[in-house]
Amino acid sequence: IAIESCLPVWQRRYGFEVRLAIERVKLSPEMAGDLFRIAQEAVVNAGRHADASRVELSLRTVNGEIELRVADDGQGFDGGPPMTPSKPGHLGLASMRERAELMDGRLEIESSERGTRVLVRAPLRTTA
């Protein structure tokens with residue numbers, strides 16, 4: 001899995017611990033790529049902007065959907081509850097939303113002074 005190969009780089013670059021809980025699912029190449037890019041954006045945001053010490057990343061299936069969750073313990077950001085990813089200056093967040101929509105999915109972002117949680121749910125598309 002591409003995410004696992006990025007762990008040492010992310011941990012070295014940003015100095016935080018990354019905890020993974022990944023259910024092995026044979027996703028379509030398009031869905032795998034979109035989920036990877038969303039996860040990557042969330043982890044990079046935690047490293048660049050949140051001063052996080054820990055990031056937890058999980059990928060699992062729930063009721064015929066794939067669920068990606070990335071949560072950090074950083075300082076969060078002010079986007080209002082819930083965060084509106086299309087706000088000016090939040091191109092990475094808008095890109096995450098667009099990728100979720102391409103998968104016919106939904107993106108939720110919650111952020112507070114205790115950290116940020118990114119959640120993506122989309123209909124499961126597997127390989128044959």
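Reader: Hi! Where does asparagine 63 sit?

Author: Asparagine 63 is in the loop between β2 (54–62) and β3 (65–72). Strands here are DSSP runs of E with at least two residues, helices are runs of H or I with at least four, and both are numbered from the N terminus.

Reader: Is asparagine 63 buried or exposed?

Author: Exposed, because its relative accessibility is 78%. Exposed means over 50% relative accessible area, buried under 20%, and partly exposed in between (1.4 Å probe, protein chains only).

Reader: And what about its phi?

Author: Asparagine 63 has a positive phi of about 50°, though it is not a glycine. Most residues other than glycine have a negative phi.

Reader: What kind of model is this, by the way?

Author: A predicted one: local features need pLDDT of at least 70, side-chain atom pairs count only at pLDDT 80 or more, and totals for chains, interfaces and linings use all residues. Residues are numbered from 1 along each chain as its sequence is written, and side-chain values use heavy atoms, leaving out hydrogens and water.

Reader: Thanks! What is the phi of aspartate 104?

Author: Aspartate 104 has a positive phi of about 60°, and it is not a glycine.

Reader: Which loop holds aspartate 104?

Author: The loop between α3 (91–102) and β4 (106–112). Aspartate 104 counts as exposed because its relative accessibility is 53%.
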